[in-house]
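Okay, everyone, thanks for coming.

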Amino acid sequence: MEWASWAEFWNMGGYGFYVWGSYGVTAVCVVVEVMWLKQAAADSRRRLKRMQSWEEQ
Amino acid sequence: MNLYTYASPATFYHLAGRLIPWFAWAAGLLTVWGLYVSFFLAPTDFQQGEAYRIIFIHVPAAWMSMFIYLVMAFWGAIGLAFNTRLSFMLARALAPTGAMFTFVALWTGAWWGKPMWGAWWVWDARLTSELILLFLYVGIIALWAAIDDIRRSDRAGALLTLIGAINVPIIYFSVKWWNTLHQGASVSLTKAPSMAALMLQGMLILAFAAWFYTIAVALARVRRIILERERHTEWAKAILAETH
Amino acid sequence: MAEPSMHRFLLAVLRRDLTLAARRRGDWLIAQFFFVMVASLFPLGVGPEPEMLARIGPGVLWVAATLASLLSLSRLFADDHRDGSLEHMVLSPEPTVLLVLGKSLAHWLIYGIPLLLIAPILGLQFNLTWAAILTLEISLLLGTPILSLLGSVGAALTLGLRGGGVLLTLLILPLYVPALIFGAGAVDGVMAGTGAEAHLSLLGAFLVLSLLISPWIAAAALRVSLE
Amino acid sequence: MTQPTLSVHDLACVRGDRLLFKGMNFQVEAGELLLVQGGNGQGKTSLLRLLTGLSTPEAGEVCWRGDSIRRQQETYHREMMYLGHANGIKDDLNPVENLRFAAGLQGCAFDENQAIATLRNQGLSRCLDLPCRVLSFGQRRRVALSALLLAGALLWILDEPLTGLDIHAVALMEGLIRTHLAAGGLAVATTHQAFNLEGMPVRRLLVGNVAIPELA
């Protein structure tokens, strides 16, 4: 194990800001993409259903 | 009408639906394992200190950004050659994730550059090529968005991806050459750590995690595209009827 | 039998586009002035120190040349598309690749060659030495056809789209990067005393590659866009 | 050489995500006119573009002289002329120059006297020296028709050839088609207007959601 304590782990030898800045934004990108995907899928289904109901009339 | 071209998206829609959870779980588990290796097993780099740990996402993201572009070019070429609609849809489903990884590679490159080079942005060969790759992704997505006719849109996007794919190695080479002539950054994000086996291991595990994540996300996206394009078929109508 | 008729077709396309350009000198002049103007804005932005201008000159002139060529490229096929003559040309018995090649060549003659004639004057404004200006000319001679060839792909892809001109810029500028690097680099090399041969050979290789590949892709794109 | 026949087998056309028609079959022989009829947006123009080879069918094929047009583009494009909604006339050139360049691109020989005579027959004697920009819509249409005549193609594909023409020009156009057919040519045309079809062997094709080839 590399780290003596959690504080040391978060500090990353003084580079904590940069390391966590990188990992944080990557995590945000992934979460945003997945949420966006779910949203788009739901929107698309709703729109398709509406179009379908129009076409049936 | 050709049975093959019509039947194939329907089969694929259901297949993709069954595969997504597997890839998503694999991506999740690999991420946990990869992060554990990167943060708890891999030793500190004597030259760059702990800041080098950024490479565990930077390098896989950069790999994925180029790999996804090549896969898109592959599907585009298949689509143009054999007129298979599913391959165009796959290319389309991959692009946003490719652009996302390109952005991540740029972002992490900058956040590594600040402590190492003292500047957020340095015109280093890898970063510059990634930036141009991002422009290519944005161009392709913009071209798809600008053309209403699906058939034309698919094909135009595929042609642009292809000419880009021929150009990417040339761009990379020219930027690299330009960079050495102008004596750019001497510390490189990838070369500096004396690549311990554990570092390589962490990078590879996270690269596989990124790969499985890409597959899961692209499959989910391609399902939406298939459903939109096949909405007039009986099977798509049946699926839509089930949802509320 | 095929050889002379292809030759004739290529000449017919060239003659047609040159005649049409001669009838619309206004458009032609605008593109040339655009080049001059973009290049002239830089000293106003960065200051008039001769050393600095000589330093950035090759790059500025090259960037200005790419922008000027893009400005005219958006109309490479658009005018013919609007009045229907593009369809007639695509439906001619000769292959579409030849049509694209002819039109790219015409574009280079109309918009590329004048840049070569103007560039030395701008080079003097930027305090470039005669040797640097000569290299700039050679690099533009090798490089401007690349701009027309790669640009024809973008023009074909964005044919008839809303905001096609801006989109064309977005699609094609990244592809211009190698030409820009080798072209401006050649002049830099001469000024730094490291020589320009390597840059110019690479630029030439890139030209050959563009000549071999882009007409085919542009022809395919044109057929896709006309469907 | 095989008979000049334009035939269509099991043709299907999709525009956007709409199926315009499918399972379309017809055949046009030498000396015949195929009149394509149907409402707006039913796929008349799309059908014509499929026949020219500008667009690719979703299914089926278009054959010329019994062979798919995909496999003999050069021959087919030499024997076929298409006149679409747009005239293909450059505004900056005068009618004679327009015809000269059109001939050059088609790869046919250009005879200036013949071109001038054709333009005169179209009633354009006074416009020969003017840039087409200043001509009226109908006059420009006539320049385009002159180009069509000079190309001497066997198969004419005409999209709304009568639009924008006055009564005389319509009569002239009808006469041209009649002569073309009598000389063994083929024509496919769409039109909304009344067409005097006297003395022409005509087939009619109704394009709609369900294609019903009505053979006259």
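First, a term: I call a residue buried if 20 or more other C-beta atoms lie within 10 Å of its own, exposed if 12 or fewer, and partly exposed in between, with C-beta atoms placed from the backbone. By that count, 51% of the 244 residues of chain B are buried. Keep in mind that this is a predicted model: local features need pLDDT of at least 70, side-chain atom pairs count only at pLDDT 80 or more, and totals for chains, interfaces and linings use all residues. Residues are numbered from 1 along each chain as its sequence is written, and chains are lettered from A and ligands numbered from 1 in the order in which they are written.

Chain B has seven helices and zero strands; those are DSSP runs numbered from the N terminus, helices being H or I with at least four residues and strands E with at least two.

Now, chain B against chain C. Contact means C-beta atoms, placed from the backbone, within 7 Å. Chain C puts in 21 residues and chain B 25. On the chain C side, α8(C) gives the most, with 10 residues.

Over to chain D. Here β2-β1-β4-β5 make an open, antiparallel sheet of four strands, where pairing takes at least two DSSP bridges. Why do β2 (18-28) and β5 (67-68) of chain D each have one side without a neighbour in the sheet? They stand at the edges, so each has a single partner strand. Between β1(D) and β4(D) there are five bridges, and S7(D) sits opposite C63(D) in β4(D).

Definitions and conventions
Contact = placed C-beta atoms within 7 Å.
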